[in-house]
Every structure is written in structure tokens, then in C-alpha cells.
Amino acid sequence: MSVKIACFERLDEVARDAAGALDRAARPILYDRLDWFRLLEAHCPPPGRLLALRADAEGAPSWLVLAIEGRTARPYAAWYSLRVGPIGGSGPDAMTSFAETLAARRLASLVMAPMERPEPLAEGLAKAGWWVRVEPDKANWRIATEGMDFEAYWASRSGRLRNTVRRKARAAGLDVMIHRRFDAEAWADYESVYRASWKPEEGSFPFLRALAEQEGAAGCLRLGVAKKDGRPVAAQLWTVENGEATIHKLAYAEDAKALSPGSILSQAMFRHVLDEDRVAAIDYGVGDEPYKAEWMAERRQLWRIVAHNPRTFPGLLGGLRERASALAARLRTR
């Protein structure tokens, strides 16, 4: 099958070509949208230059948005990108065409993570002659909640979690507010919690604020703040869209840890999205922290593709090194 490929080096060019096909109305997943890539570009762009590919196979377009650093391609992504990979259709002809186009540009390697479904792209790369390895990356915790209100959800959690939250909530006396639209004062509270937390330098406040403003305008923001005697001690940034809630960021003030403000706020957030939004699923992002298992029900493995183009010297060398390392590891286990 003949596949038409177009390459772009600016997001404005992508926007003109896509003609709305990468907008919110057409893309149910936040990380597949042009608006998401614009936020990354403005506030926390990955190293390298943008390269966006569009493959058109039988009128079904697919996109792959990459950052090219030297001769290595990676997803155009940042700390906040919970999923990466091809956008739109992922048919074998389109995936092979992506791989052939990258090889024609003399790229030596491709690293793509975290991915939910690596197989289509991995198979396309292999068909185009790349040496491909698919390996486990991060984990994703989630729970299906269709038809479930908060009381049913809460009854499904462990007695230890329920008893701890009940006891701590009674003693802490926190005031909780959940904002569905962007509020500058609430955002200042959010930032103050992060600065008082165990991860004050994590990520980009300007990016997160812009995301909160964007999702608030769309009605998808759920920003929770818990206060003790007027001082914010816990904050969480969620989004709700298309029947699914996603937990993006959460933190609590380190000196308020004994109050368990994070757990108390989590309970309020879960109650809100289950009883008010009636979501069918809740996604806890990426990471295998033990506390996520207490709130979620299903662990899903995410994946990493590492591919080398043996038609380039760096790609051949990198591929041979990986094969030698894999062989040595197998020999050590015998």
C-alpha cells in the first residue's frame, strides 16, 4: 500500500495540516492534542528539535511527534506526559512508513516511553530493518468505576485504609475545597503546598498553571486544596474528561505529614469524581508507589521501545552493544 508521509518542524505547520484533527473535539486523550504539545513547547520542551510525521494510509492519518537530539529520536514529551506514541490509526503500513522515513533521515536510534501499546510501532520498525527491543518501563495503576458511587468504591478498599483516613480526618479538622474552574488564589495555594513539600523543585509551575487554566476553561479541571487553620497543607491536580478521571500531581506540606492531609484530600477527590462526575474509571498516572495500590485495583505495565538503525554506524554500534549485553546477561543466568 502506498502511504503518503509529510514531515513538519513547527507546530504551526502541524496545525495547518491537521485542520482540527488534533484538537480536543477530535482527540479524547489529552496527550494526543496539539494544545498539549504547545504547552510543552512553551514551558518545558524536550531537548532537541521538533519533528512531526504524518502518515496517510487510505485516508486514515496517523501522527508521530518527536524530539530529535543529534541522531536520536525521542517522544516530544516531558515529565508530565503520562503516555506517548503514535496518534490516530496505528496500522502496519503507517508504522513502517514512519520507521522508513526516520531511517531515510539517517537517524541512528529511537527511544519511546512510556507506551501502552508498543507492538504496532515496534513491528513497523522491525519491518523497516531497525533492530528493536521492547522492555518494561513504568507501571500505571487504575480502577474501573462504572456504575459505582463513592460509598461502593470506599467499601471495596482495605479496612486499614478506611480506618486510617476516618481516624485522621476526625483529628485533623481540615477544610477541603475542590475547584472545577481555574482560580488564581487556589493556584497560589497549590504552589505553596509544593514549595513546602518533599518535592519543591519538581517540574515546571508555569506549565502546570497553563494546563490548569486550559483545562479549567474546558470544564475538565479538578483542583483540590486542603487547609489547616487557613494554611494550605495538601493539594492535588486532577482532570476529568470523557468519563475518566486522571490524577496528575499531588503533594502535601512536609511539616503537616502527621495529619495525613494527602489521604484526607484524596478521599474527598475520589468522592467528588465518583458522586458528582460519575466517572467510569480513575487513572493514577505512572509510577509504582505502594500507596497507589491501596486506592486502585489494577496494575498495568507500560513499555519502552529502544530501536537502532543498523544502516548507520552509530545505530549499528549501539545495536551490537545491546546484543552483546543481552547475550552476556543470558550467560550469567545459566
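Tyr190 is in contact with Leu208, Leu223, Ala235, Gln236, Leu237 and Lys249, leaving aside its neighbours within four places in sequence; contact here means heavy atoms within 4.5 Å. This is a predicted model, in which local features need pLDDT of at least 70, side-chain atom pairs count only at pLDDT 80 or more, and totals for chains, interfaces and linings use all residues. Residues are numbered from 1 along each chain as its sequence is written, and side-chain values use heavy atoms, with hydrogens and water left out.

**Nonpolar cores**

- Tyr190 also belongs to the largest nonpolar core, where Trp36, Phe37, Tyr190 and Phe207 touch the most other members out of 41 residues.
- A nonpolar core is a set of buried Ala, Val, Leu, Ile, Met, Phe, Trp, Tyr and Cys residues joined through side-chain atoms within 4.5 Å.
- Buried means under 20% relative accessible area, exposed means over 50%, and partly exposed is in between, using a 1.4 Å probe and protein chains only.
- Helix H8 (residues 205-217) supplies the largest share of this core, with 6 residues.
- Another core of 31 residues lies apart from it, and its members include Phe150, Val233, Ile282 and Met296.

- Helices (H or I, at least four residues) and strands (E, at least two) are DSSP runs, numbered from the N terminus.
- In H7, the buried residues are Ala186, Trp187, Asp189, Tyr190, Glu191, Val193 and Tyr194.
- These buried H7 residues pack against S8, H8, strand S9 (221-228), S10 and S11.
- An α-helix has 3.6 residues a turn, so residues three or four places apart point the same way.
- His179 sits in strand S8 (residues 175-179) and is buried, with a relative accessible area of 18%.
- Not counting residues up to four places away in sequence, His179 touches Ala186, Leu221, Arg222 and Leu223.

**Leu250 in strand S11**

- Leu250 is part of strand S11 and is buried at a relative accessible area of 16%.
- Beyond residues up to four places away in sequence, Leu250 touches Tyr194, Trp198, Lys199, Ala235, Gln236, Tyr284 and Tyr291.
- Leu250 and Ala235 are 15 residues apart along the chain, with their C-alpha atoms separated by 5.8 Å.

**The second largest pocket**

- This pocket has a volume of about 800 Å³.
- On a 1 Å grid over the protein atoms alone, a pocket is an open set of points where a 1.4 Å probe fits, with protein on both sides within 12 Å along at least five of seven lines; lining residues have an atom within 4 Å of a point.
- Grid points are joined across faces, edges and corners, and the volume is the space filled by probe spheres set on the points.
- Of the 36 residues lining the second largest pocket, Ile29, Tyr31, Asp32, Arg83 and Glu116 are the closest to its centre.
- Elements giving two or more residues to this lining include helix H2 (34-43), helix H4 (119-127) and strand S10 (231-241).
- S11 gives the most to the lining, with 3 residues.
- The lining divides into 19 nonpolar, 8 polar and 9 charged residues.
- Ala, Val, Leu, Ile, Met, Phe, Trp, Tyr, Cys and Pro count as nonpolar, Asp, Glu, Lys and Arg as charged, and the others, Gly among them, as polar.

- H9 is mostly covered, with 11 of its 15 residues buried; among them are Ile264, Leu265, Met269 and Phe270.
- Ser260 lies in the loop between S11 and H9, has a positive phi of about 55 degrees although it is not a glycine, and counts as buried at 18% relative accessibility.
- Arg278 lies in the loop between H9 and strand S12 (281-286), also has a positive phi, near 55 degrees, and counts as partly exposed at 47% relative accessibility.

**A cis peptide bond**

- The peptide bond from Ala113 to Pro114 is cis, with omega near 0 degrees, and Pro114 is found in strand S6.
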